[in-house]
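Good morning, everyone, and thank you for making time for this. Please bring up the sequence and the structure together, so that you can follow along as I speak.

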Amino acid sequence: MSDLLLLIGLILVIGSFWSRRRFNEQEIKDLQKIKAEIVQAKEDVGSLMKELIGVSEQVVETISEKIKEAQVTVQNMPVINPDQCTRAEEENKTGKIISLYETRSKEKERDIKLQLAKKEVVQKPAVTKDSSSEYPQEKLPQAVPAKHQAVYSLAEMGYTVDQIAKQMSIGKGEVALILELKNKGEEINGI
């Protein structure tokens, strides 16, 4: 019986080794299959990386071309500093003010001429042989020139003589004289 037990034990040990060996062979086959899949995935990643590098090089080249185009565009643009923008806006305002006052001056001139024409029709002055003029020697009202009105407006807005001269492209002395005439009441029809 001990022989029989020994024989059964020996059979069990051999069976155990044989089943383990068979199990190991299956594991080896599975591992080889996984290894093949990993190698294939590595090759796929390599080809994708090559494609990605090609695409990124094209993108970099396109961006470089756009940057060069932008640089050329910027180089061809006129340089504008903020002071010039402000000056242009102020000149535009000044131009509008001058235009407005020119229109008002023309209207005032027309009104004065109409008043004079009415006076002339109602009262025809007597012409004497000593008189060299057909009109009486009274002081006629005059319209304030548009330039003067523009100077007045800019002065009222707080501009200095220098700034007004620069805005209107006239001399500082002329601006000062216009303002002085207004202050002395030399203008006949003030604003």
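Predicted model: local features only at pLDDT ≥ 70, side-chain atom pairs only at ≥ 80, totals over all residues.

Residues are numbered from 1 along each chain as its sequence is written, and side-chain values use heavy atoms, with hydrogens and water left out.Let me begin with helix H4, which covers residues 161-168; helices here are DSSP runs (H or I, at least four residues; strands are E, at least two), numbered from the N terminus. Within H4, the residues Ile164, Ala165, Gln167 and Met168 are buried, where buried means under 20% relative accessible area, exposed means over 50%, and partly exposed is in between, with a 1.4 Å probe and protein chains only. These four lie on the same side of H4, because they cover an arc of only 165 degrees around the axis, the arc being that of the directions from the helix axis to the C-beta atoms.

Now to helix H3, residues 146-156, where we find alanine 150. Is alanine 150 buried or exposed? Alanine 150 counts as buried, because its relative accessibility is 0%. If we leave aside residues up to four places away in sequence, alanine 150 touches Ile97, Ile98, Tyr101 and Met168, a contact being heavy atoms within 4.5 Å. From alanine 150 to methionine 168 there are 18 residues in sequence, and their C-alpha atoms are 8.6 Å apart in space.

Next, the charged side chains. How many salt bridges does a search of the whole structure find? The search finds four, and a salt bridge is a side-chain nitrogen of Lys or Arg within 4 Å of a carboxyl oxygen of Asp or Glu.

One of them joins the side chains of lysine 147 and glutamate 174, at 2.8 Å from N to O. This pair links distant parts of the chain, with lysine 147 in helix H3 and glutamate 174 in helix H5 (residues 172-184), 27 residues apart. Lysine 147 counts as partly exposed at 35% relative accessibility, and glutamate 174 counts as partly exposed at 32%.

Another salt bridge brings together the side chains of lysine 182 and glutamate 156, at 3.6 Å from N to O. Because lysine 182 lies in helix H5 and glutamate 156 in helix H3, the pair ties together parts that are 26 residues apart in sequence. Lysine 182 is partly exposed at 34% relative accessibility, whereas glutamate 156 is exposed at 59%. The charged end of lysine 182 also sits over the ring of tyrosine 152, 4.9 Å from its centre; for this, NZ of Lys or CZ of Arg must be within 6 Å of the ring centre and within 35 degrees of the ring normal.

A further salt bridge is formed by glutamate 180 and lysine 184, whose closest N and O atoms are 3.3 Å apart. The two are separated by about one helical turn, because they are four residues apart in helix H5. Glutamate 180 is partly exposed, with a relative accessible area of 41%, while lysine 184 is exposed at 57%.

Finally, the record. An unreviewed UniProt entry annotates residues 24-51 as "coiled-coil region"; such positions are given in the numbering used here, feature names are shortened, and annotations may be inferred rather than shown by experiment. In the model, this span is 100% helix and 0% strand, and its end C-alpha atoms lie 40 Å apart.
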